[in-house]
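Please look through the sequence and the model before reading on. The report that follows moves from one local detail to the wider picture.

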Amino acid sequence: MTIQWYPGHMAKAKREAEEKLKLVDFVIELVDARAPISSENPILHGLLQNKPKMVVLMKKDLADPAITTAWLDFYEEKGIKALAIEANDKKDVQRVVQIGKDLARTKMDKLRAKGVRPRAARAMILGIPNVGKSTLINRLANKKAAITGDRPGVTKKQQWIKVKKDFELLDTPGILWPKFEQEETGYRLAAIGTIKDQILPKEDVAAYVLDFLKNSYPDLLKERYGFSTYDDIMNAFEQIGQKRGCLESGGVVNFDKTSDVILQDLRSGKLGLISFDQPD
């Protein structure tokens, strides 16, 4: 299955990001800590060229901490600056600022050596929709500089935002790539809420989540829903629907409501700390 989804505003955002890259000194690429590879945009590889970059693993508070540590080791081995953060943690946000200053220092030193009047370093923040860009920007700027929301596609245009005296940040709309060649990538992004719920059938996504939990986190499945394994996915839905009151008249389980419960439990962290991607 190939999942195609490329709204016009994203194509425009890609072009604008490419044009503005020459104005910035470094790039902050955001990925979801629960799925760093699935939420990494392959389009950005061709855009960034040789720009200094840091990778910020967002929403670490929802991810499996042991796997997050493995990801940070993975990036370090590749010589990529990376850190995992929770956007409401001031210490985590300050670490982003410090690494940004470190990345820009070489460029700033070169400008000073040429006699260029000192200026604030310039950064571009990039990532796929609903990865937490606007929330992080507001924490960096210490004010509501960007619109936030719990749905993809909230940021619609680019804007420059000052981060104290440390650097200026160019916010950009989330950019998705034209299609997901790997079916699993699409399901993982749908599960964590990166792509809109209308793109894939909710019941299919919820079923994917249950199967993943059965194979990778059976204890969490048992703790939340009372069973750790099952032979039939329909029976699993029936058990969860009955337990959580997702019933229609006559006591029939509503699978659509049950799917909502499963996905909200995952996205809110009520299912536990879960990571879908592991470094190879």
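## A helix and what follows

Gly-193, which comes just after helix H6, takes a positive phi of about 90°. The structure is a predicted model, and this should be kept in mind throughout. Helix H6 itself spans residues 183–191, and because seven of its nine residues are buried, the helix is largely enclosed by the rest of the structure. The buried residues of H6 include Thr-185, Tyr-187 and Arg-188, and also Leu-189.

## The protein as a whole

The protein contains ten helices and eight strands, and buried residues make up 50% of its 280 residues. Its accessible surface comes to about 14,000 Å², of which 46% belongs to carbon and sulfur atoms. Among contacts with a separation of 6 or more, 67% are between residues 24 or more positions apart.

## A covered strand

Strand E2, made of residues 26–32, is mostly covered, with seven of its seven residues buried. Both of its faces are covered, with Phe-26, Ile-28, Leu-30 and Asp-32 on one side, and Val-27, Glu-29 and Val-31 on the other. Strand E2 runs parallel to strand E5, and it also pairs in the parallel sense with strand E3. Within these pairings, Val-27 has Met-124 of E5 as its bridge partner, whereas Asp-32 has Met-58 of E3.

| Strand paired with E2 | Residues | Bridges |
|---|---|---|
| E5 | 121–127 | five bridges |
| E3 | 53–58 | six bridges |

In soluble globular proteins, nonpolar side chains tend to be buried together. Here the largest nonpolar core has 73 residues, and those with the most contacts inside it include Phe-26 and Ile-28, along with Met-54 and Leu-210. A second, separate core has ten residues, among them Leu-21, Val-27, Leu-47 and Leu-126. Leaving aside neighbours within four places in sequence, Leu-210 is in contact with several residues, including Leu-221, Tyr-225, Phe-237 and Ile-262.

Not counting residues up to four places away in sequence, Asp-92 touches Lys-60, Leu-83, Ala-84, Ile-85 and Glu-86.

How values were computed. Residues numbered from 1 in each chain as written. Predicted model: local features only at pLDDT ≥ 70, side-chain atom pairs only at ≥ 80, totals over all residues. Heavy atoms only, no water. Buried < 20%, exposed > 50% of the residue type's maximum accessible area, 1.4 Å probe, protein only. Helix = DSSP H or I, 4+ residues; strand = E, 2+ residues; numbered from the N terminus. Pairing = 2+ DSSP bridges. Core = buried A, V, L, I, M, F, W, Y, C linked by side-chain atoms within 4.5 Å. Contact = heavy atoms within 4.5 Å. Areas by Shrake-Rupley, 256 points an atom, 1.4 Å probe, with all protein chains shown as cover.
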